[in-house]
Amino acid sequence: MIGYALLLAPSANRVYADAAVRLARAELTVFARSGVLEVAPGDVDVTRIGGVDYLTFTAPEPGLGTRDLAHLANLSAAYALFERVGDLLRPVPLHPLAAYDSDLITIPKYAGKTNEQFTRLLLNVTLLASAAAPRMLDGGLVVLDPLCGRGTTLNQALMYGHDGIGVERDSQDVEAYAGFLRTWLRRKRLKHTAETTSVRRDRKLVARRFEAVLSPSKDAHRAGVTQRVVVLNTDTTRAREVLRPRCADVIVTDAPYGVAHGSRTGQGLSRSPLELLAAAVPVWRELLRPGGALGLSWNTHVAPRAEAEAVLTAAGLRVVDGPGWRDLAHRVDQAIERDVLVAVAP
Ligand SMILES: C[S@@+](CC[C@H](N)C(=O)[O-])C[C@H]1O[C@@H](n2cnc3c(N)ncnc32)[C@H](O)[C@@H]1O
(Lines give C-alpha, C1' and ligand atoms only; values in the text may rest on other atoms or scores of the structure.)
Protein backbone atom coordinates (compact mmCIF):
# COMPACT_ATOMS: atom_id res chain seq x y z
CA MET A 1 0.00 0.00 0.00
CA ILE A 2 1.10 3.54 -0.71
CA GLY A 3 0.12 6.16 1.87
CA TYR A 4 -0.84 9.70 0.91
CA ALA A 5 -1.27 12.90 2.93
CA LEU A 6 -3.29 15.80 1.56
CA LEU A 7 -2.64 19.24 3.00
CA LEU A 8 -5.77 21.40 2.98
CA ALA A 9 -5.79 24.99 1.73
CA PRO A 10 -5.50 27.35 4.72
CA SER A 11 -8.60 29.18 3.45
CA ALA A 12 -10.70 26.06 4.15
CA ASN A 13 -10.76 26.87 7.86
CA ARG A 14 -12.06 30.35 7.12
CA VAL A 15 -14.87 29.01 4.92
CA TYR A 16 -16.05 26.19 7.13
CA ALA A 17 -14.71 27.04 10.58
CA ASP A 18 -13.97 23.73 12.30
CA ALA A 19 -15.73 21.62 9.64
CA ALA A 20 -12.99 21.98 6.99
CA VAL A 21 -11.36 18.59 7.45
CA ARG A 22 -14.68 16.80 7.78
CA LEU A 23 -15.91 18.34 4.51
CA ALA A 24 -12.70 17.52 2.66
CA ARG A 25 -13.07 13.96 3.89
CA ALA A 26 -16.69 13.84 2.68
CA GLU A 27 -15.69 15.21 -0.74
CA LEU A 28 -12.86 12.67 -1.05
CA THR A 29 -15.32 9.92 -0.11
CA VAL A 30 -17.67 11.08 -2.88
CA PHE A 31 -14.77 10.96 -5.37
CA ALA A 32 -13.74 7.51 -4.08
CA ARG A 33 -17.24 6.06 -4.49
CA SER A 34 -18.13 7.78 -7.79
CA GLY A 35 -16.49 5.30 -10.14
CA VAL A 36 -14.38 7.94 -11.94
CA LEU A 37 -11.16 6.86 -10.23
CA GLU A 38 -9.23 3.83 -11.44
CA VAL A 39 -8.11 3.18 -7.87
CA ALA A 40 -10.46 4.23 -5.08
CA PRO A 41 -8.59 5.73 -2.10
CA GLY A 42 -9.00 3.62 1.06
CA ASP A 43 -8.41 4.14 4.80
CA VAL A 44 -9.50 7.80 4.50
CA ASP A 45 -8.64 9.45 7.81
CA VAL A 46 -7.41 12.63 9.44
CA THR A 47 -3.84 12.35 10.72
CA ARG A 48 -1.82 14.93 12.64
CA ILE A 49 1.72 15.13 11.24
CA GLY A 50 4.15 17.63 12.72
CA GLY A 51 1.28 19.39 14.46
CA VAL A 52 -0.76 19.86 11.24
CA ASP A 53 -3.90 17.93 10.26
CA TYR A 54 -3.68 16.09 6.95
CA LEU A 55 -6.32 14.10 5.14
CA THR A 56 -4.62 10.74 4.76
CA PHE A 57 -5.53 7.77 2.59
CA THR A 58 -4.00 4.77 0.90
CA ALA A 59 -3.90 3.27 -2.58
CA PRO A 60 -2.60 -0.15 -3.63
CA GLU A 61 0.85 -0.36 -5.29
CA PRO A 62 1.96 1.28 -7.56
CA GLY A 63 -0.19 4.13 -6.22
CA LEU A 64 -2.38 6.71 -7.91
CA GLY A 65 -2.13 6.98 -11.70
CA THR A 66 -1.99 10.20 -13.72
CA ARG A 67 -5.73 10.38 -14.36
CA ASP A 68 -6.67 9.76 -10.73
CA LEU A 69 -4.23 12.48 -9.67
CA ALA A 70 -5.79 14.81 -12.26
CA HIS A 71 -9.18 14.18 -10.60
CA LEU A 72 -8.01 14.55 -7.01
CA ALA A 73 -6.13 17.77 -7.83
CA ASN A 74 -9.59 19.35 -8.20
CA LEU A 75 -10.71 18.55 -4.65
CA SER A 76 -11.99 21.93 -3.51
CA ALA A 77 -9.70 22.13 -0.47
CA ALA A 78 -6.60 20.51 -2.01
CA TYR A 79 -3.44 22.51 -1.40
CA ALA A 80 -0.58 20.02 -1.65
CA LEU A 81 -0.30 16.24 -1.84
CA PHE A 82 2.46 14.10 -0.41
CA GLU A 83 3.36 10.45 -0.57
CA ARG A 84 4.24 9.11 2.86
CA VAL A 85 7.68 7.54 2.79
CA GLY A 86 8.49 6.28 6.29
CA ASP A 87 7.95 9.35 8.44
CA LEU A 88 8.85 11.69 5.54
CA LEU A 89 6.55 13.39 3.04
CA ARG A 90 7.47 13.31 -0.66
CA PRO A 91 5.66 16.00 -2.75
CA VAL A 92 3.33 14.75 -5.50
CA PRO A 93 2.69 17.54 -8.05
CA LEU A 94 -0.98 18.48 -8.42
CA HIS A 95 -2.37 20.12 -11.55
CA PRO A 96 -5.92 21.29 -10.94
CA LEU A 97 -8.03 22.15 -13.99
CA ALA A 98 -7.41 25.81 -14.71
CA ALA A 99 -8.27 27.01 -18.19
CA TYR A 100 -7.81 30.63 -17.02
CA ASP A 101 -5.89 32.68 -14.44
CA SER A 102 -7.27 32.14 -10.93
CA ASP A 103 -8.29 35.80 -10.58
CA LEU A 104 -11.31 35.03 -12.80
CA ILE A 105 -12.67 33.49 -9.62
CA THR A 106 -11.01 35.52 -6.88
CA ILE A 107 -11.49 39.12 -8.09
CA PRO A 108 -15.30 39.41 -7.73
CA LYS A 109 -16.18 40.35 -4.15
CA TYR A 110 -19.65 41.40 -3.03
CA ALA A 111 -22.22 40.81 -0.32
CA GLY A 112 -24.14 37.59 -0.96
CA LYS A 113 -21.36 35.93 -2.97
CA THR A 114 -21.17 32.17 -2.55
CA ASN A 115 -17.70 31.27 -1.37
CA GLU A 116 -15.68 30.10 -4.37
CA GLN A 117 -14.14 27.08 -2.64
CA PHE A 118 -17.56 25.86 -1.57
CA THR A 119 -18.86 26.48 -5.12
CA ARG A 120 -16.14 24.18 -6.42
CA LEU A 121 -17.13 21.50 -3.91
CA LEU A 122 -20.78 21.77 -4.99
CA LEU A 123 -19.83 21.60 -8.68
CA ASN A 124 -17.52 18.61 -8.06
CA VAL A 125 -20.03 16.49 -6.16
CA THR A 126 -22.77 17.31 -8.69
CA LEU A 127 -20.60 16.40 -11.67
CA LEU A 128 -19.57 13.18 -9.89
CA ALA A 129 -23.23 12.15 -9.47
CA SER A 130 -24.08 12.83 -13.12
CA ALA A 131 -23.80 10.62 -16.20
CA ALA A 132 -21.20 13.12 -17.44
CA ALA A 133 -18.77 12.27 -14.59
CA PRO A 134 -16.36 10.29 -16.82
CA ARG A 135 -16.01 13.44 -18.99
CA MET A 136 -15.62 15.98 -16.20
CA LEU A 137 -11.91 16.50 -16.91
CA ASP A 138 -12.40 16.92 -20.65
CA GLY A 139 -14.33 20.22 -20.76
CA GLY A 140 -17.29 20.87 -23.03
CA LEU A 141 -20.07 20.09 -20.52
CA VAL A 142 -22.89 22.55 -19.80
CA VAL A 143 -23.25 23.79 -16.22
CA LEU A 144 -26.46 25.69 -15.42
CA ASP A 145 -26.90 27.89 -12.34
CA PRO A 146 -30.54 28.97 -12.30
CA LEU A 147 -30.00 31.39 -9.34
CA CYS A 148 -26.63 32.61 -10.54
CA GLY A 149 -26.17 35.94 -8.74
CA ARG A 150 -22.95 37.44 -10.05
CA GLY A 151 -21.68 34.23 -11.54
CA THR A 152 -19.42 32.36 -9.09
CA THR A 153 -20.64 28.99 -10.48
CA LEU A 154 -20.35 30.19 -14.08
CA ASN A 155 -16.75 31.27 -13.60
CA GLN A 156 -15.88 27.95 -11.96
CA ALA A 157 -17.47 26.14 -14.93
CA LEU A 158 -15.31 28.22 -17.31
CA MET A 159 -12.24 27.44 -15.23
CA TYR A 160 -12.94 23.71 -15.69
CA GLY A 161 -13.32 24.19 -19.46
CA HIS A 162 -17.11 23.86 -19.47
CA ASP A 163 -19.85 26.18 -20.73
CA GLY A 164 -22.04 28.09 -18.28
CA ILE A 165 -25.65 29.19 -18.35
CA GLY A 166 -27.01 31.44 -15.60
CA VAL A 167 -30.47 32.71 -14.75
CA GLU A 168 -30.89 35.63 -12.35
CA ARG A 169 -33.79 37.97 -11.79
CA ASP A 170 -31.80 40.87 -10.34
CA SER A 171 -30.72 42.99 -13.32
CA GLN A 172 -27.96 44.66 -11.27
CA ASP A 173 -26.35 41.27 -10.66
CA VAL A 174 -26.52 40.39 -14.35
CA GLU A 175 -25.05 43.75 -15.38
CA ALA A 176 -22.31 43.47 -12.75
CA TYR A 177 -21.37 40.00 -14.03
CA ALA A 178 -21.39 41.09 -17.69
CA GLY A 179 -19.31 44.18 -16.82
CA PHE A 180 -16.78 42.17 -14.84
CA LEU A 181 -16.34 39.50 -17.51
CA ARG A 182 -15.99 42.01 -20.37
CA THR A 183 -13.33 43.98 -18.48
CA TRP A 184 -11.50 40.85 -17.35
CA LEU A 185 -11.42 39.37 -20.88
CA ARG A 186 -10.11 42.64 -22.33
CA ARG A 187 -7.47 43.00 -19.62
CA LYS A 188 -6.28 39.41 -20.20
CA ARG A 189 -6.25 40.04 -23.98
CA LEU A 190 -8.28 36.89 -24.59
CA LYS A 191 -10.09 36.51 -27.91
CA HIS A 192 -13.80 36.81 -27.29
CA THR A 193 -17.14 38.24 -28.31
CA ALA A 194 -19.62 39.60 -25.77
CA GLU A 195 -23.04 41.08 -26.29
CA THR A 196 -26.27 41.79 -24.46
CA THR A 197 -29.49 41.38 -26.41
CA SER A 198 -33.23 41.25 -25.76
CA VAL A 199 -35.20 38.01 -26.02
CA ARG A 200 -38.72 38.68 -27.27
CA ARG A 201 -41.78 36.46 -27.78
CA ASP A 202 -44.74 37.95 -29.65
CA ARG A 203 -42.93 41.30 -29.48
CA LYS A 204 -42.94 41.18 -25.66
CA LEU A 205 -39.63 41.33 -23.82
CA VAL A 206 -39.06 37.99 -22.06
CA ALA A 207 -35.49 38.50 -20.85
CA ARG A 208 -32.26 40.38 -21.34
CA ARG A 209 -29.54 37.97 -22.44
CA PHE A 210 -25.78 38.35 -22.00
CA GLU A 211 -23.59 36.02 -24.02
CA ALA A 212 -19.81 35.77 -24.19
CA VAL A 213 -17.86 33.36 -26.38
CA LEU A 214 -14.24 33.07 -25.33
CA SER A 215 -11.10 31.05 -25.91
CA PRO A 216 -8.61 30.28 -23.15
CA SER A 217 -5.59 31.05 -25.35
CA LYS A 218 -4.55 32.21 -28.83
CA ASP A 219 -3.70 28.61 -29.78
CA ALA A 220 -7.10 27.41 -28.60
CA HIS A 221 -8.73 30.20 -30.59
CA ARG A 222 -6.82 29.20 -33.73
CA ALA A 223 -7.90 25.59 -33.19
CA GLY A 224 -11.52 26.75 -32.93
CA VAL A 225 -11.85 25.83 -29.22
CA THR A 226 -14.36 28.15 -27.60
CA GLN A 227 -16.42 28.28 -24.43
CA ARG A 228 -19.73 30.01 -24.02
CA VAL A 229 -21.32 31.66 -21.06
CA VAL A 230 -24.90 32.93 -21.20
CA VAL A 231 -26.79 34.80 -18.48
CA LEU A 232 -30.52 35.37 -18.72
CA ASN A 233 -32.07 38.14 -16.69
CA THR A 234 -35.45 36.69 -15.82
CA ASP A 235 -37.29 34.84 -13.10
CA THR A 236 -35.96 31.30 -12.76
CA THR A 237 -39.49 29.83 -12.83
CA ARG A 238 -39.72 31.19 -16.40
CA ALA A 239 -36.43 29.64 -17.51
CA ARG A 240 -38.18 27.34 -19.99
CA GLU A 241 -39.24 30.40 -21.99
CA VAL A 242 -35.62 31.19 -22.74
CA LEU A 243 -33.83 27.82 -22.61
CA ARG A 244 -34.23 24.61 -24.55
CA PRO A 245 -35.19 21.43 -22.68
CA ARG A 246 -32.28 19.09 -21.81
CA CYS A 247 -29.70 21.82 -22.36
CA ALA A 248 -27.64 21.15 -19.19
CA ASP A 249 -25.44 18.28 -17.99
CA VAL A 250 -25.61 19.56 -14.42
CA ILE A 251 -27.46 22.21 -12.45
CA VAL A 252 -25.50 23.72 -9.57
CA THR A 253 -27.12 26.35 -7.42
CA ASP A 254 -26.96 28.05 -4.06
CA ALA A 255 -30.47 29.04 -2.97
CA PRO A 256 -31.07 32.37 -1.18
CA TYR A 257 -30.21 32.07 2.51
CA GLY A 258 -32.96 34.41 3.71
CA VAL A 259 -30.23 36.71 5.07
CA ALA A 260 -28.61 38.86 2.32
CA HIS A 261 -31.03 37.47 -0.32
CA GLY A 262 -34.63 36.38 -0.08
CA SER A 263 -36.41 34.02 -2.45
CA ARG A 264 -38.62 35.92 -4.82
CA THR A 265 -41.89 34.20 -5.80
CA GLY A 266 -45.30 35.36 -7.05
CA GLN A 267 -46.26 35.68 -3.35
CA GLY A 268 -43.43 38.14 -2.62
CA LEU A 269 -40.13 37.84 -0.79
CA SER A 270 -39.67 34.90 1.57
CA ARG A 271 -36.93 33.86 3.99
CA SER A 272 -37.45 30.19 3.16
CA PRO A 273 -36.52 29.05 -0.37
CA LEU A 274 -39.01 26.14 -0.27
CA GLU A 275 -41.80 27.93 -2.10
CA LEU A 276 -39.40 29.10 -4.80
CA LEU A 277 -37.87 25.62 -5.06
CA ALA A 278 -41.32 23.97 -5.32
CA ALA A 279 -42.11 26.23 -8.28
CA ALA A 280 -38.66 26.15 -9.88
CA VAL A 281 -37.38 22.56 -9.52
CA PRO A 282 -39.94 21.06 -11.98
CA VAL A 283 -38.81 23.71 -14.51
CA TRP A 284 -35.12 23.03 -13.83
CA ARG A 285 -35.69 19.31 -14.18
CA GLU A 286 -36.84 19.83 -17.78
CA LEU A 287 -33.54 21.58 -18.49
CA LEU A 288 -31.50 18.57 -17.36
CA ARG A 289 -30.31 15.95 -19.80
CA PRO A 290 -31.10 12.30 -18.93
CA GLY A 291 -28.59 11.25 -16.28
CA GLY A 292 -28.01 14.91 -15.40
CA ALA A 293 -27.62 15.92 -11.76
CA LEU A 294 -28.86 18.84 -9.69
CA GLY A 295 -26.68 20.04 -6.78
CA LEU A 296 -28.39 22.38 -4.36
CA SER A 297 -27.12 24.17 -1.29
CA TRP A 298 -29.33 26.13 1.09
CA ASN A 299 -29.67 27.36 4.64
CA THR A 300 -31.26 24.69 6.86
CA HIS A 301 -32.22 27.35 9.45
CA VAL A 302 -34.97 28.45 7.05
CA ALA A 303 -35.76 25.11 5.32
CA PRO A 304 -35.29 21.63 6.86
CA ARG A 305 -33.42 19.01 4.80
CA ALA A 306 -36.38 16.61 4.62
CA GLU A 307 -38.57 19.29 3.04
CA ALA A 308 -35.93 20.27 0.48
CA GLU A 309 -35.50 16.58 -0.31
CA ALA A 310 -39.28 16.19 -0.78
CA VAL A 311 -39.29 19.01 -3.35
CA LEU A 312 -36.60 17.27 -5.41
CA THR A 313 -38.30 13.89 -5.18
CA ALA A 314 -41.69 15.36 -6.14
CA ALA A 315 -40.09 16.65 -9.35
CA GLY A 316 -39.03 13.10 -10.30
CA LEU A 317 -35.40 13.38 -9.21
CA ARG A 318 -33.59 10.70 -7.20
CA VAL A 319 -31.67 12.06 -4.22
CA VAL A 320 -28.18 10.57 -3.96
CA ASP A 321 -27.44 9.20 -0.51
CA GLY A 322 -24.66 7.35 1.30
CA PRO A 323 -21.33 8.09 2.98
CA GLY A 324 -19.89 11.41 1.84
CA TRP A 325 -23.15 12.63 0.31
CA ARG A 326 -24.92 13.05 3.61
CA ASP A 327 -21.88 14.52 5.40
CA LEU A 328 -21.72 17.89 3.67
CA ALA A 329 -23.71 20.02 6.16
CA HIS A 330 -21.67 22.76 7.86
CA ARG A 331 -21.97 26.03 9.70
CA VAL A 332 -21.24 29.21 7.73
CA ASP A 333 -22.05 31.76 10.43
CA GLN A 334 -24.57 32.41 13.21
CA ALA A 335 -27.45 32.79 10.74
CA ILE A 336 -26.49 30.15 8.20
CA GLU A 337 -26.19 26.38 8.52
CA ARG A 338 -25.60 25.21 4.96
CA ASP A 339 -26.41 21.77 3.60
CA VAL A 340 -26.05 20.10 0.21
CA LEU A 341 -28.41 17.81 -1.68
CA VAL A 342 -27.56 16.19 -4.99
CA ALA A 343 -30.27 14.51 -7.07
CA VAL A 344 -30.17 12.74 -10.40
CA ALA A 345 -32.57 12.84 -13.32
CA PRO A 346 -33.51 9.38 -14.60
C1 LIG B 1 -27.40 32.83 -2.67
S2 LIG B 1 -27.60 33.89 -4.04
C3 LIG B 1 -26.54 33.17 -5.26
C4 LIG B 1 -25.21 33.82 -5.27
C5 LIG B 1 -24.32 33.33 -6.39
N6 LIG B 1 -23.98 31.91 -6.25
C7 LIG B 1 -23.06 34.18 -6.41
O8 LIG B 1 -22.02 33.74 -5.90
O9 LIG B 1 -23.13 35.31 -6.90
C10 LIG B 1 -29.21 33.52 -4.67
C11 LIG B 1 -29.63 34.36 -5.88
O12 LIG B 1 -30.97 33.98 -6.24
C13 LIG B 1 -31.58 35.12 -6.82
N14 LIG B 1 -33.05 34.88 -6.87
C15 LIG B 1 -33.94 34.82 -5.85
N16 LIG B 1 -35.19 34.54 -6.32
C17 LIG B 1 -35.07 34.40 -7.67
C18 LIG B 1 -35.97 34.07 -8.73
N19 LIG B 1 -37.27 33.85 -8.47
N20 LIG B 1 -35.51 34.00 -10.00
C21 LIG B 1 -34.19 34.21 -10.26
N22 LIG B 1 -33.28 34.54 -9.33
C23 LIG B 1 -33.71 34.61 -8.04
C24 LIG B 1 -31.15 36.25 -5.91
O25 LIG B 1 -31.29 37.52 -6.58
C26 LIG B 1 -29.69 35.87 -5.63
O27 LIG B 1 -28.82 36.49 -6.55
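Mentor: Let's start with one term: a residue is buried when its relative accessible area is under 20%, and exposed when that value is over 50%. Please keep in mind that this is a predicted model.

Trainee: Thanks! Could we try that on a residue? Is Tyr-54 buried or exposed?

Mentor: Tyr-54 has a relative accessible area of 9%. Because that is under the 20% limit, Tyr-54 is buried. Phe-82, at 16% relative accessibility, also counts as buried.

Trainee: I see aromatic rings in the model. How many aromatic pairs are there?

Mentor: The count comes to four aromatic pairs. One of them is Tyr-54 with Phe-82, with 6.3 Å from centre to centre and 75 degrees between the planes. Planes over 60 degrees apart count as edge-to-face, and that is the label for this pair. Tyr-54 sits in strand β3 (residues 52-59) and Phe-82 in strand β4 (residues 78-85), so the pair links parts of the chain that are 28 residues apart.

Trainee: What about Tyr-177 and Phe-210: what are the distance and angle there?

Mentor: The ring centres of Tyr-177 and Phe-210 are 6.4 Å apart, with 90 degrees between the planes, and this pair is edge-to-face. Tyr-177 belongs to helix α7 (residues 171-187) and Phe-210 to strand β9 (residues 204-214), so the pair ties together parts 33 residues apart in sequence. Tyr-177 and Phe-210 are both buried.

Trainee: Let's move to the ligand. How many residues surround the ligand, and which are the closest?

Mentor: The ligand is surrounded by 23 residues, and the closest are Tyr-110, Thr-114, Arg-150, Thr-152 and Glu-168. Sorted by class, this shell holds six nonpolar, nine polar and eight charged residues.

Trainee: Now for a single residue. Where is Gln-227, and what does its side chain make a polar contact with?

Mentor: Gln-227 is in strand β10 (residues 227-233). Its relative accessibility is 4%, so Gln-227 counts as buried. The side chain of Gln-227 makes a polar contact at 2.9 Å with the side chain of Tyr-100. A polar atom of the Gln-227 side chain also lies 2.8 Å from the backbone oxygen of His-162. Beyond its neighbours within four places in sequence, Gln-227 is in contact with a list of residues that includes Ala-99, Leu-158, Asp-163 and Pro-216.

Trainee: One last topic: backbone angles. What should I look for?

Mentor: Most residues other than glycine have a negative phi, and most peptide bonds are trans, so the exceptions deserve a look. Asp-43 has a positive phi, near 50 degrees. Asp-43 lies in strand β2 (residues 42-49) and is exposed, with a relative accessible area of 56%. Arg-203 has a positive phi too, near 65 degrees. Arg-203 lies in the loop between β8 (192-201) and β9, and at 80% relative accessibility it counts as exposed.

Trainee: And which peptide bond is cis?

Mentor: The bond from Glu-61 to Pro-62 is cis, with omega near 5 degrees. You will find Pro-62 in the loop between β3 and α3 (66-72).

How values were computed:
Residues are numbered from 1 along each chain as its sequence is written. This is a predicted model: local features need pLDDT of at least 70, side-chain atom pairs count only at pLDDT 80 or more; totals for chains, interfaces and linings use all residues. Side-chain values use heavy atoms; hydrogens and water are left out. A residue is near a molecule or strand if one of its heavy atoms lies within 4 Å of it. Ala, Val, Leu, Ile, Met, Phe, Trp, Tyr, Cys and Pro count as nonpolar, Asp, Glu, Lys and Arg as charged, and the others, Gly among them, as polar. Helices (H or I, at least four residues) and strands (E, at least two) are DSSP runs, numbered from the N terminus. Buried means under 20% relative accessible area, exposed over 50%, partly exposed in between (1.4 Å probe, protein chains only). A polar contact is a pair of N or O atoms within 3.5 Å; within protein, one must be able to donate a hydrogen and the other to accept it, and residues adjacent in sequence count only if both atoms are side-chain atoms. Contact means heavy atoms within 4.5 Å. Rings of Phe, Tyr and Trp (its six-membered ring) pair if their centres lie within 6.5 Å; planes under 30 degrees apart count as stacked, over 60 as edge-to-face and the rest as tilted.
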